[in-house]
Amino acid sequence: SITMVDRMPDVNSLFAGRTVFLTGGSGFVGKVLIEKFLTAVPDVKRLYVLVRSAKGKTADERWADINSGVMFNRVRIECPEALEKVVPVEGDITLDDMGLNEEDLSRVLAETSVVLHCAATVRFNDTLRNAIELNIKGVARMIAMCKRMPKLESFVHCSTAYVNVDKEGDVEEKQYKVVCDPYKLIEGQSWMTDEMLEGITEAMAPKYFNTYCFTKHVAEELVRRECSDLPTLIFRPSIIAGIWKDGIPGWSDAFQGATACALGFGTGTVPRMPSNPDFPLDVVPVDVVSNMMIVCAAYRLHLTAQKDRSMPVLHCNTSHLNVLTVGMFRDICGTLLNKYPLEKILFGPTSGSRGSTLFEDNLHLFKEKVIGPSLDRLGTAMGKKPFWARTFAKLREVYGVFMPFISKRWIWKSDNMIELIDRMQPDDVEKFDFDVRKIDWIDYISDVLFGMKAFLTKNDIMSDKKLEIARWNVKMFSGIELALLVLLGWALSVIITGSASSFSLALTLGFSMYFYLNCMMFNYVAVPTIENYRKRLNAAIQMDKLNNNQKA
């Protein structure tokens with residue numbers, strides 16, 4: 001556990017005059033981290049942000065796109081001059097020295113005293129070759145740079161709670177024994193064929209689910225072995241979702257984790273994810289992650305000043321201190337996405353945790369291989385482009401990726417989070433609030449869903465007219481689905497009885513299927529109104545009322 005004999009100094013004073021090097025700055029967490037540094041750590045000297053050139057844009061151009069979005073409104077209003085502290089440096093974690101040019105490399109190595117390494121592939125179904133390159137060799141390259149930084153006093157390795165998915169029940173803030181030598185895996189990647197690596201992927205999947213969890217697990221062992229002489233801290237967040245209270249409520253910039261699951265519920269495309277409704281679903285707000293990571297970096301600076309050479313491990317999770325269950329998430333999604341439905345849906349919105357995984361797996365396979373191609377053939381005859389088979393294939397993939405994370409009961413122990421809060425200065429406890437015990441789950445998940453509508457699906461969150469149209473669409477799609485299921489029931493009744501007039505059996509089968517697929521899937525809960533969200537959203541955005549032509 002954390003050992004502190006005294007309160008740590010205030011965060012701003014610990015960062016005063018220092019230069020920070022951040023990887024993953026163009027990602028979801030990275031954007032929130034940068035914004036928080038600029039608004040809450042006024043005495044930080046400089047932020048070097050590693051940015052990969054992409055889509056024909058340089059690092060400078062990509063950073064200009066990022067800081068022109070609504071997420072940085074607060075900076076432009078309160079401290080626009082702080083934007084000058086951010087120095088984007090073009091590079092890539094798949095290259096030695098992060099691919100930095102000679103001038104940038106020299107400056108970063110000479111000036112940096114704090115490193116926050118967040119860059120990784122978060123594609124759960126990525127190839128093992130690519131996951132090793134980014135999540136293990138990328139860490140090795142970052143450590144090699146850290147060892148050449150004369151001023152380095154704090155290195156935060158952003159890992160994940162799911163490095164220990166092979167465990168069950170209480171999971172401690174410590175490093176467990178690893179199943180794979182990181183050096184041998186790196187060496188093997190250089191000569192193994194794709195088929196050989198696929199064999200490793202299949203062998204580790206039952207314990208570690210996917211290449212992301214597995215390579216992050218191995219990367220922690222690399223950190224343990226290589227960083228004994230570096231001032232290191234390991235930081236483990238869980239499933240990261242939109243903003244809670246520090247910024248624009250519910251803001252997110254990509255579908256992942258909770259929002260990907262909610263999109264499946266809201267569009268009716270992934271209406272059920274069979275699980276024990278009492279299992280914890282460890283969701284943590286991105287502003288909690290950002291605030292705690294900054295404080296962890298400051299705490300590591302404090303430890304260095306105290307000549308403490310330990311390597312603390314801190315969980316940034318909710319399952320230990322304020323549990324959100326699968327059933328709670330299901331009920332909030334089901335209620336809100338029916339009361340305030342998405343503007344574009346494929347089926348009636350619903351959310352459920354009942355049923356069997358085997359049935360749902362086969363149903364998704366049937367949709368992909370049979371229903372999708374059949375609908376595409378019908379569409380092609382009407383002059384439309386193929387859509388359904390590809391869509392059902394993607395939905396099956398999303399379902400398969402998310403399901404393992406609600407298959408076990410994990411409690412990620414967070415004692416070090418509480419101890420860290422207790423050691424902070426009182427003002428910092430408020431300024432960098434990451435006390436997850438304060439989260440009201442109905443309010444927060446509602447904000448995540450409203451934020452999904454506003455920033456991800458680009459719905460006109462301010463329009464009552466479009467909301468009424470969306471509600472009418474739900475009724476229409478539900479009616480169409482019922483009619484199609486009754487028709488399917490009639491087809492089945494013909495097969496069963498050999499008669500085309502077994503209407504009572506047809507209706508029984510059709511309504512039974514509709515009931516299983518749509519009815520009594522979740523419990524209604526009292527959710528906040530959309531009017532309340534609109535007011536808080538515009539107050540947080542500050543500059544202009546939201547329109548969905550703005551960059552998010």
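Tyr-340 has a relative accessibility of 3% and therefore counts as buried, a class defined by under 20% relative accessible area with a 1.4 Å probe and protein chains only. Phe-450, at 1%, is likewise classed as buried. The model is predicted: local features need pLDDT of at least 70, and side-chain atom pairs count only at pLDDT 80 or more, whereas totals for chains, interfaces and linings use all residues. Residues are numbered from 1 along each chain as its sequence is written, and side-chain values use heavy atoms, without hydrogens and water.

Rings of Phe, Tyr and Trp (its six-membered ring) pair if their centres lie within 6.5 Å; planes under 30 degrees apart count as stacked, over 60 as edge-to-face and the rest as tilted.

| Pair | Centre to centre | Between planes | Geometry |
|---|---|---|---|
| Tyr-162 and Phe-405 | 5.0 Å | 90° | edge-to-face |
| Tyr-340 and Phe-450 | 5.4 Å | 55° | tilted |

Tyr-340 lies in the loop between helix H12 (326-339) and helix H13 (357-381) and Phe-450 in helix H17 (residues 441-456), so their pair ties together parts 110 residues apart in sequence. Tyr-162 and Phe-405 are both buried. These two residues also belong to a cluster linked by ring pairs, together with Phe-124, Phe-209, Tyr-212, Trp-410 and Trp-412.

The axes of helix H6 (residues 128-146) and helix H8 (residues 194-208) come within 9 Å and cross at roughly 80°. H6 is therefore roughly perpendicular to H8, the term for angles of 65 to 115 degrees.

Definitions and conventions
Axes are lines fitted to C-alpha atoms, for helices over the stretch in contact, and angles run from 0 to 180 degrees between N-to-C directions. Helices (H or I, at least four residues) and strands (E, at least two) are DSSP runs, numbered from the N terminus. Angles under 35 degrees count as roughly parallel, over 145 as roughly antiparallel, 65 to 115 as roughly perpendicular and the rest as oblique. Buried means under 20% relative accessible area, exposed over 50%, partly exposed in between (1.4 Å probe, protein chains only).
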